[in-house]
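Me: I am new to this structure and would appreciate a close look at one part of it, the salt bridges. Please set out the terms as you use them.

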Amino acid sequence: MASTVPVIVFSKECMEPGTKPWIRACDEIVQALEHHGCFVAEYEGFPRELRDSIFGIAKELFDLPHETKVRSPDSAHSKGYIPSYPGTPLLEGLNIDGAEKLEACEKFTALMWPSGNAHFCKTAHSYAREIAKLEKVVTRMVFECYGLRQYCDSHTESTTYLLRILKYKKPGENEGNINSVPHTDKTFLSILYQNSVRGLEVMTKDGEWVTFEPSPSSFMVMAGDACVGWSNGRIKPCYHRINVREDKLIRYSLGVFSYNTGAIEIPKELIDQDHPRQFKSFNHLDFLRFYDMSQGRTKAQCLIKAYCGV
Ligand SMILES: O=C(O)CCC(=O)C(=O)O
Ligand SMILES: [Fe+2]
């Protein structure tokens, strides 16, 4: 039988800490992350105005001339402009680092539109904040499920978010489809949202590739390498790739990636006889520098063991 990725409904009640639906969701999320490294969040409260406007601002952004897009600061770990490369001619991406903060969105908008674009700025910022809110709920549920509520606030306070906006162009006559290298993200958690053009595939525990079925309220939540390390290996990394087969339309995808700006300690509560320590404590941003220095395809693999495994 084909594998499936668990779907978890985030109703209004379920987002209220301590309610029965909350407690049930905590359990389901940890089960999903331990087995598959991912789950689909059906986020019922995702605001309609964002559903209606988010892909419009993505289009507006990529429609800007190349000379404008390259103004985006090109810093480390794929945080600047990702132009279409010869190897991946159909992919283009732009990143807003710290997009949960209004100033970061304002700065980015001013670079792209020196005469201003308030609609872009407001929409990108509201989107990043909304998904950061969802990420915080998921994170708190994971901490609570493991009995680690006392560590959650300091973790959340030192979390920052990168908003990545991606465009996969339709292939021309003699161009093949897009098929990216399977990889894990170097994040704590990644939350992906996309338009109706399928393309995201995640590997389930049975080693099968499962295609994410997009819908206006569906988000793919994936564990990144930092979450694997923090959980002492209980949570699995999520291998994923992009395989766009629908060649008639443009695929837009938005990623909200969480990173911790401080040290990540492996909670002592997650280390016992059955789960001996697998990782040393690590600094997430130093881990990203290690990723930047790693070579070629090894970068795509789950690197946390190589970085701080014991
Ligand atoms: O296009 C997507 O939906 C995902 C892109 C991705 O995996 C990444 O940016 O790490
Ligand atoms: Fe990814």
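Which side chains meet in a salt bridge of 2.6 Å, N to O, with Lys69 as one partner?

Reply: The model is predicted, so local features need pLDDT of at least 70 and side-chain atom pairs count only at pLDDT 80 or more, while totals for chains, interfaces and linings use all residues. Residues are numbered from 1 along each chain as its sequence is written, chains are lettered from A and ligands numbered from 1 in the order in which they are written, and side-chain values use heavy atoms, leaving out hydrogens and water.

The partner of Lys69 is Glu92, at 2.6 Å from N to O. This pair links distant parts of the chain, with Lys69 in helix α3 (residues 66–69) and Glu92 in strand β3 (residues 91–97), 23 residues apart. Helices (H or I, at least four residues) and strands (E, at least two) are DSSP runs, numbered from the N terminus. Both Lys69 and Glu92 are buried, a term for under 20% relative accessible area, with exposed meaning over 50% and partly exposed in between (1.4 Å probe, protein chains only).

In total there are 13 salt bridges, each being a side-chain nitrogen of Lys or Arg within 4 Å of a carboxyl oxygen of Asp or Glu. Another joins Glu201 to Arg241, with the closest N and O atoms 2.6 Å apart. Because Glu201 belongs to strand β7 (residues 200–203) and Arg241 to strand β10 (residues 240–244), the pair ties together parts 40 residues apart in sequence. Glu201 is buried at 2% relative accessibility, and Arg241 is buried at 17%.
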